Amino acid sequence: LRAAGWFDTDRKRPLPERIRHIAVVTSPTGAALQDISSVLQRRWPGTRITVLPVLVQGDQAAGQIAEAVRQANALVESGEQDFDVLLLSRGGGSLEDLWPFNERQVAEAIYQSQLITVSAVGHEVDFSIADFVADLRAPTPSAAAEMLSPDQSQLLSRLHLLRGRLAAAQQRQLGQYRDRLAALRKRLRDPRQRLQEQAQRLDE
């Protein structure tokens, strides 16, 4: 697969700037999904998740995973869904447990995916062929959720900082306008005074 160019870094795509909707290919009852949901809820609760349920170990798992990847792409292509990214995930396990993510049919589905794909299979020390073919590898499901979501606490802090800067800039500009207005007022003479001067000249 490396010789065929499936692992090439120059074909890997960056994540979108804003991720609103994630298609998650995983077991609906596994710990990986709970970890992903927990992290997203804490960091950016507005992120939508659509789970494409599959077996993540056993003889039938690879076929289901590959089909789910194709299904996610088909849903986007037909306009039925608006996935921004596709996440393949499962928790840790033995080499045999993780083996479906080493199958060629899974690698081929990821390689052909028009959706940007993230692979988060097992723990940090676990590597699979899916990791090498995907656009991005995450060391754990929780780490994948962090990669795919902004941190709302950091954004709120930045928002407060920008709000303070804006208020200060407004006060500075208002102060400049006040100074200009005061200078213009000094230059502006009362028209009644001018009329009085002309009336005096007329009398003279």
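The second largest pocket is lined by R70, N73, V76, E77, A109, Q112, S113, Q114 and L115. A pocket here is an open set of points on a 1 Å grid over the protein atoms alone, where a 1.4 Å probe fits, with protein on both sides within 12 Å along at least five of seven lines; lining residues have an atom within 4 Å of a point. This is a predicted model, where local features need pLDDT of at least 70 and side-chain atom pairs count only at pLDDT 80 or more, while totals for chains, interfaces and linings use all residues. Residues are numbered from 1 along each chain as its sequence is written, and side-chain values use heavy atoms, with hydrogens and water left out.

**Second largest pocket**
- Helices α2 (61-77) and α4 (104-112) each give two or more residues to this lining; helices are DSSP runs of H or I, at least four residues, numbered from the N terminus.
- The largest share, 4 residues, comes from α2.

**Salt bridges**
- There are 6 salt bridges in the structure, each a side-chain nitrogen of Lys or Arg within 4 Å of a carboxyl oxygen of Asp or Glu.
- R70, one of the pocket's lining residues, pairs with E67 at 3.3 Å, N to O.
- Both R70 and E67 sit in helix α2, 3 residues apart, about one turn of the helix.
- D151 and R43 also meet in a salt bridge, at 3.9 Å, N to O.
- That pair links distant parts of the chain, 108 residues apart.

- D151 is buried at 18% relative accessibility, and R43 is buried at 12% (buried means under 20% relative accessible area, exposed over 50%, partly exposed in between, with a 1.4 Å probe and protein chains only).
- R70 is partly exposed at 42%, and E67 is partly exposed at 43%.
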